Amino acid sequence: MDLGLKGKVAVITGGARGIGAGISEVLAQEGAHLVIDYRSAPDECEAFAKRLSEQYGVKTAAIQADISTQEGVDRVYDCAMKTFGTVDLLVNNAAMLGNQKIEDITLESWQKFMDTNVTAVFLMSQRFIQICREQKKGGRAVNVIAKGFYSLTDGGMSEYVTSKGGAYSFTRSIAKEVAPEGIIFNGLVPGYVNSHFANFEDGSERSERRRQNLPRKMFASPCDMGHVTAFLLSETCATQVVGVIMDATGGLLL
């Protein structure tokens, strides 16, 4: 099925590694041009963007920026506008992960989580909406949330789940606010996704327990998350999907 993404310009934060890389890959397969934001590993990320361009015949731009700051957000969108002249799609994927007990959390650490997982989503979304309004057109965005916001298997994640809870609430609120203008926001909740950040196929007892909790006994790949994201970004297929937080956990939340 044609998702109608060919020729669209997509900005993906944290788009060269993990789930973000899977999203970038699938959007490139669908013919979208990409602006891939990254924070570290410049050689790896720029090589990834180049490969997508050569393999799928799309245009890509890799930009290093700290999107928890206004300056960093401006760098990403300035790159997009200079390269493509517009932005049609936004994926807020970049996130900070962590696992600390309450007594070990410092104010500095707490604020860093909020800046990365909530403030960056706000700033990226605000500028995206501004561009859509200035160009008098709609747009579609997906914010990546976290299953931990709904269901925790371990404690010691209060910084992370609180920040992702903020992203969840922001997504639903902004979706209702801007949908009348044709600017559509939805959310994505991944489950256990194999990547260089997490290997659930390591044969450990813990990984096997996690597998047994999955109704299909299958871990996800980054591209699995990419296909769900592409659907949510598709005006053709997801016209009536507005403000939805899509459960893509493979049944973990059942």
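## The largest pocket

In this predicted model, 46 residues line the largest pocket, and those that lie nearest its centre are Ala 95, Met 96, Leu 97, Tyr 160 and Phe 197. The elements that give two or more residues to this lining are helix 1 (18-29), strand 2 (33-38), helix 4 (107-134), helix 5 (158-178) and helix 6. Helix 1 provides the largest share of the lining, with 3 residues.

The volume of the largest pocket is about 1,300 Å³. Sorted by class, its lining residues comprise 23 nonpolar, 14 polar and 9 charged.

## The second largest pocket

The second largest pocket holds about 270 Å³ of space. It is lined by 15 residues, of which Met 218, Ala 220, Asp 224, Ala 248 and Gly 250 are the closest to its centre. At least two residues of this lining come from helix 7 (222-233), and at least two likewise from strand 7 (245-248).

In terms of residue class, the lining of the second largest pocket is made up of 9 nonpolar, 3 polar and 3 charged residues.

## The cavity

The residues that line the largest cavity are Asn 92, Ala 94, Asn 117, Val 121, Asn 143, Val 144, Lys 164 and Ala 167. Helix 4, strand 5 (139-144) and helix 5 are the elements that give two or more residues to this lining, and helix 4 and helix 5 also each give two or more residues to the lining of the largest pocket.

By class, the lining of the largest cavity divides into 4 nonpolar, 3 polar and 1 charged residues.

## Buried residues of helix 6

Which residues of helix 6 are buried? Within this helix, which spans residues 205-212, Ser 207, Arg 210 and Arg 211 are buried. These three residues lie on the same side of helix 6, because they cover an arc of only 100° around the axis. Helix 6 is also one of the elements that give two or more residues to the lining of the largest pocket.

Notes
Residues numbered from 1 in each chain as written. Predicted model: local features only at pLDDT ≥ 70, side-chain atom pairs only at ≥ 80, totals over all residues. Heavy atoms only, no water. Buried < 20%, exposed > 50% of the residue type's maximum accessible area, 1.4 Å probe, protein only. Helix = DSSP H or I, 4+ residues; strand = E, 2+ residues; numbered from the N terminus. Arc of directions from axis to C-beta. 1 Å grid on protein atoms, 1.4 Å probe; cavity = no way out; pocket = protein on both sides within 12 Å on 5 of 7 lines; lining within 4 Å. Points joined across faces, edges and corners; volume = space filled by probe spheres on them. Nonpolar A, V, L, I, M, F, W, Y, C, P; charged D, E, K, R; others polar.
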